[in-house]
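Trainee: I would like to learn how to read a model like this one, feature by feature. Where do we begin?

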Amino acid sequence: MCGIFAYLNYNVSRERRYILEVLLNGLRRLEYRGYDSSGIAVDADLLSSAAAPYAGAAPLVYRQEGKIENLVRSVYSEVDENEVNLDAAFNVHAGIAHTRWATHGVPAPRNSHPQSSGAGDEFLVVHNGIITNYEVLKETLIRHGFTFESDTDTEVIPKLAKFVFDKAHDEEGDVTFIEVVNEVMRQLEGAYALIFKSPHYPNELIACKRGSTLILGVNELSGQKIGKSFHDVKALTANGKPKELFFSSDLCAIVEHTKNYLAIEDNEIVHIKDGGVSILKFDHDKEKPASVKRALSVLEMEVEQIKKGSYDHFMQKEIHEQPHSLTTTMRGRLKDGGVLLGGLKEHLKTIRRSRRVVFIGCGTSYNAALAARTFVEELTGIPVTMEVASDLLDRQGPIYREDTAVFVSQSGETADTLLALDYALENGALCVGITNTVGSTLSRRTHCGIHINAGCEIGVASTKAYTSQIVVMAMLALAIGSDQISTQPRREAIISGLSSLPGHASEVLKLDSEMKELASSLIDSESLLVFGRGYNYATALEGALKVKEVALMHSEGMFAGEMKHGPLALVDENLPIIVIATRDACFSKQQSVIQQLLSRKGRLIIMCSKGDASAVSPSGSCRVIEVPQVADCLQPVINIIPLQLLAYHLTVLRGFDVDQPRNLAKSVTTQ
């Protein structure tokens with residue numbers, strides 16, 4: 001959802017022009033998260049007016065609705081109009097930036113961040129999350145004379161900071177930035193990641209979080225090498241040497257600057273001052289936060305992963321990266337005819353004793369788990385149930401101590417999934433995380449888990465993460481069931497199939513031009529149905545979801561066994577219907593479905609295994625998509641790729657935004 005980015009240079013001269021470009025480029029790296037407005041704040045030249053309420057430089061705040069390029073034009077237009085010196089150099093400077101996904105208040109400059117404490121911008125805040133008690137706080141602040149200009153929940157935060165600051169000054173005469181933020185946190189309820197900037201505390205930034213992701217990046221400019229093992233971040237940064245420090249909602253925004261990062265934990269306050277980083281732990285029951293030691297991690301990501309390269313769109317790039325992403329997902333995990341999952345090693349015995357496995361996810365991640373359900377049951381002998389995270393919470397569905405709850409999330413930050421995780425932990429279940437994001441909240445709060453290692457996924461519509469999730473869950477099933485002699489031949493066949501999967505993915509990508517041609521024939525259609533069953537019911541759901549997400553066409557994935565119980569009434573010669581009929585135990589049933597649809601003059605597009613065209617369409621009247629045949633439980637990995645290509649080309653031909661679909665966000669961090 002919202003994206004946060006901040007940049008502080010210390011003991012190294014940077015021109016205002018450079019600082020602006022770093023901040024704006026940071027926002028560009030966060031575009032994929034979804035947004036409808038954006039803003040930045042940098043320092044003006046130092047004030048000389050004695051009437052100013054602070055000693056530091058006044059902030060220059062720019063906010064704009066729409067795309068980041070709208071903000072860029074607005075910034076440089078105002079810079080020219082107000083004769084701001086872009087060549088002015090700062091040896092120390094703190095700038096903040098934000099992309100907003102509207103929750104409280106329509107997209108508009110007044111609702112964009114940074115939000116201000118009022119005249120003079122004494123406190124500025126950028127925020128990701130939702131403050132649930134903002135109405136109570138707002139009423140209190142209004143009674144104390146504050147006026148509000150926006151419709152956001154965020155505006156209460158900088159105004160509350162000013163209230164705390166003014167009150168402390170009146171009573172005690174002095175107050176530190178940490179004390180202000182600590183008291184603000186004490187009053188806030190909800191989920192948030194925040195960055196505070198104030199001219200009362202020039203060249204300082206404070207970040208804090210509760211529930212939403214926030215990353216600290218450190219770039220030492222002195223030539224000092226930071227290895228994988230070193231002292232805590234405070235000792236590392238408190239050396240007076242030139243450095244650049246970053247805050248970001250996402251690792252993708254800092255990878256081009258540094259690979260040294262820290263994932264900030266809930267209730268931590270990170271204070272940057274004089275080039276040093278102090279980390280404190282907020283405790284509601286204690287007046288002052290306690291200092292904590294944290295170590296930096298080294299990011300295993302390359303800059304090339306966040307660039308489009310020769311592709312027109314990130315979604316297109318990520319679809320075509322799947323042979324590689326599947327390879328990296330399996331790398332080092334298929335050994336000596338078995339599966340080695342280091343993240344689960346200590347917990348396999350507990351999982352095998354579970355009364356059931358509960359898969360929990362949302363959207364594409366839920367579909368990936370659904371695709372895996374059948375073979376997890378087959379290989380482990382453990383009953384598997386499926387839960388949409390939000391529905392589990394609404395129902396307060398039963399979760400037992402004897403359950404293994406598997407949470408699936410590409411970002412590892414999906415709000416509903418994390419709340420469901422809290423619920424499962426409260427009920428004593430063993431919690432397993434499957435995510436693509438190292439250092440994410442999901443990976444830190446589950447008992448154990450598996451990173452899918454699909455690489456950075458920028459397009460809002462998930463593609464390569466989906467196929468890697470299925471492969472990871474296949475390996476999970478193989479690892480859990482590895483002690484069963486009766487399933488050994490089946491396990492060996494699946495492991496062999498996994499090894500050849502990247503090659504088959506490369507083969508099916510050759511259907512790109514064929515899918516583009518099919519998309520052109522569907523461009524004027526208003527609806528699309530996708531029928532699947534068995535392993536490929538999930539494929540039908542996911543294929544329809546992709547078309548719905550990016551091409552903005554009504555599409556529904558349906559269980560083919562339910563066709564006669566309602567959906568058959570929709571069938572006519574105009575409605576395009578995709579039937580997935582690749583070779584598996586349900587093949588003959590899908591042949592029957594095809595015949596029934598043809599007898600109603602259905603407009604069919606049939607996906608089948610290579611060489612089966614005549615078996616699924618004896619008359620040759622149907623459009624046929626032939627895909628390579630693999631092990632039946634792995635077939636969904638191959639079958640989804642043509643549907644991803646179809647959704648991509650439909651979107652391009654219909655003239656919609658591929659990578660940032662209307663109203664959608666990559667990481668859904670609010671309920």
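Trainee: At roughly what angle do the axes of helix 8 and helix 15 cross?

Mentor: Keep in mind that this is a predicted model. Helix 8 spans residues 322-330 and helix 15 spans residues 488-508; their axes cross at roughly 170° and come within 8 Å. Because angles over 145 degrees count as roughly antiparallel, helix 8 is roughly antiparallel to helix 15.

Trainee: Is the crossing of helix 8 and helix 15 left-handed or right-handed?

Mentor: The crossing of these two helices is left-handed.

Trainee: Which residues of helix 8 meet helix 15?

Mentor: From helix 8, the residues are Pro-323, Leu-326, Thr-327 and Met-330. They meet Leu-498, Leu-501, Pro-502, Ala-505 and Ser-506 of helix 15. Sorted by class, this contact has 7 nonpolar and 2 polar residues, with no charged ones.

Trainee: Over how many bridges do strand 13 and strand 14 pair?

Mentor: Strand 13, residues 276-281, pairs with strand 14 over 2 bridges, in the antiparallel sense. In this pairing Lys-281 stands opposite Ala-290 of strand 14.

Trainee: How many salt bridges does the structure hold?

Mentor: The general idea is that side chains of opposite charge can pair when their charged atoms come close. The structure holds 31 salt bridges. One of them joins the side chains of Glu-69 and Arg-28, at 3.0 Å from N to O. Glu-69 is in helix 2 (residues 68-81) and Arg-28 is in helix 1 (residues 16-29), so to speak of the chain, this pair links distant parts, 41 residues apart.

Trainee: Now the backbone. Which residues does a cis peptide bond join?

Mentor: The bond joins His-113 and Pro-114, with omega about 5°. Pro-114 lies in the loop between strand 4 (89-100) and strand 5.

Trainee: What is the phi of Asn-203?

Mentor: Asn-203 has a positive phi of about 65°, although this residue is not a glycine. Asn-203 is placed in the loop between strand 7 and strand 8 (205-210).

Methods
Residues are numbered from 1 along each chain as its sequence is written. This is a predicted model: local features need pLDDT of at least 70, side-chain atom pairs count only at pLDDT 80 or more; totals for chains, interfaces and linings use all residues. Side-chain values use heavy atoms; hydrogens and water are left out. Two strands pair if DSSP finds at least two bridges between them. Helices (H or I, at least four residues) and strands (E, at least two) are DSSP runs, numbered from the N terminus. Axes are lines fitted to C-alpha atoms, for helices over the stretch in contact, and angles run from 0 to 180 degrees between N-to-C directions. Angles under 35 degrees count as roughly parallel, over 145 as roughly antiparallel, 65 to 115 as roughly perpendicular and the rest as oblique. A crossing is left-handed if the near helix is turned anticlockwise from the far one by less than a right angle, and right-handed if clockwise. Contact means heavy atoms within 4.5 Å. Ala, Val, Leu, Ile, Met, Phe, Trp, Tyr, Cys and Pro count as nonpolar, Asp, Glu, Lys and Arg as charged, and the others, Gly among them, as polar. A salt bridge is a side-chain nitrogen of Lys or Arg within 4 Å of a carboxyl oxygen of Asp or Glu.
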